[in-house]
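Let's take a walk through this protein together, one topic at a time. Have the sequence and the 3D view ready as you read.

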Amino acid sequence: MSPRVGPTGPTSTLAFVESPVQLLNVLEWAHTRADTRAPGAAGPAGDPLTLVVLSPTDPMTRGQLRRMAELARGEGHEVRWEEARGGVTAPFRTIGGLAPLLREAARIVIGDPFSRYVQLLLTITRAPDLVVVDDGTATMEFVAQLARGERLVRWHRRGSRPGPRDLLFAPVSGAARRRLTPSGRRGVEVFSAMPIDAAPDGVRLTVNDFAWTRARFGPPRVARGADLVGTSLVETGVVDPDRYLEAVRSLARAHGAARYFAHRRESSEKLHRLAVETGLEVVRPDLPLELIARRGPIGRTILSFPSTVVHTLPLALTGTGVRVAVCDIDPTWLTDTASPRAEGFLAGVTGTARDAHRLRSATPGTA
């Protein structure tokens, strides 16, 4: 049996998370609901939230998820840990164990509508209220695809030919997309820090301003110099590793960066090479970067390539004097196998960052 923590009975709200950032944004959503609850209304005990962690296998993500689960319990939420990928039979055990909760839940909160696991779970529930919280910049693509009535495909896979598994899973994916489309019997909310200016008819947009993060952590001690934030664009096959390394070296040299905060999906081999060739101190955070930065110490300037943090860090660090600067991805850095959608999507991530300073190049002297 997979190890589980938390209740096995009915719950009012059931949240499914697969990454630390998703769990953080569920906590932000729950905090927002608590702030807007009418005086005298039921608190957590009367309107319980059960967080179901569909645990991945990579150690970095699992470690961050365990730390985030501790924070969630500290907020009074129940946490159920599922070894959802622990062998061939794990998905069947997980889904079988969750089916009664799914059928009885009044509200389902998810962090990744592109996840096949989540899409399968959505076909079981009949909850009248669905909430999608941020899983990063992919939320923008999800809302756009939902508005256009398209099949749900991650942005870096757009333009590629569907494989056999995609075709086999297509009926489930289609059913999940219909479940995520508002109707007279079902409401859909998107809780996001991303710049979503328009949503499909019936979708409620709620702004995530990281109020919980700011209330619980910091303000940080702000150090001199700059910190650089890593990205997994190499690991997803979008950016050439040699080009990326050169861009990091140039960016660090131009802005006096000393630390490199690694993305949880960055490979150990790449990070070792980066440390040797750039001299940067590689830091593997044990919590999402929004919390790490808020706790401090943090550099006066945070340098990043196009990613979620160029939208979220300015919100988490409001009033601290820290500047977030984003460097565009040069089209020549893209791999031959990168999605045709990659260049436009990444440019959009940078261009819509409202409170981040834009760097036109990683080359010294251009800003």
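There are 19 salt bridges here, where a salt bridge means a side-chain nitrogen of Lys or Arg within 4 Å of a carboxyl oxygen of Asp or Glu. Keep in mind that this is a predicted model, where local features need pLDDT of at least 70, side-chain atom pairs count only at pLDDT 80 or more, and totals for chains, interfaces and linings use all residues. Residues are numbered from 1 along each chain as its sequence is written, and side-chain values use heavy atoms, with hydrogens and water left out.

Here are some of those salt bridges:

| Pair | N to O distance |
|---|---|
| E189 and R204 | 3.4 Å |
| E246 and R249 | 2.3 Å |
| R273 and E277 | 2.9 Å |

Take the salt bridge between E189 and R204. E189 sits in strand β6 (residues 187-192) and R204 in strand β7 (residues 203-207), so the pair ties together parts that are 15 residues apart in sequence. Helices (H or I, at least four residues) and strands (E, at least two) are DSSP runs, numbered from the N terminus. E189 is buried at 9% relative accessible area, while R204 is partly exposed at 37%. Buried means under 20% relative accessible area, exposed means over 50%, and partly exposed is in between (1.4 Å probe, protein chains only).

The next pair stays within a helix: E246 and R249 both belong to α8 (residues 241-255), three residues apart, or about one turn of the helix. E246 is partly exposed, with 38% relative accessible area. R273 and E277 are both in helix α9 (residues 268-278), four residues apart, again about one turn. R273 is partly exposed at 33%, and E277 is partly exposed at 34%. Salt bridges that share partners join D242, E246, R249, R273 and E277 into one network.

Now for the sheets. Which strands make up the open sheet with parallel pairing? There are six, in the order β10-β9-β8-β11-β12-β13. Two strands pair if DSSP finds at least two bridges between them. β10 (281-283) and β13 (357-359) stand at the edges with a single partner strand each, so one side of each has no neighbour in the sheet.

Is strand β1 (residues 13-17) enclosed or open? Five of its five residues are buried, so β1 is largely enclosed by the rest of the structure. T13, A15 and V17 point one way from β1, and L14 and F16 the other way. β1 pairs in the parallel sense with strand β2 (residues 49-54) over five bridges, where F16 has V52 as its bridge partner. β1 also pairs in the parallel sense with strand β4 (residues 107-110), over four bridges, and A15 stands opposite V109 there.

Last stop, the inside. In soluble globular proteins, nonpolar side chains tend to be buried together. A nonpolar core is a set of buried Ala, Val, Leu, Ile, Met, Phe, Trp, Tyr and Cys residues joined through side-chain atoms within 4.5 Å. The largest one has 80 residues, and those touching the most other members include F16, L54 and I108. Helix α1 (residues 20-36) gives the most to this core, with six residues. A second, separate core of 29 residues includes A226, L233, C327 and L334.
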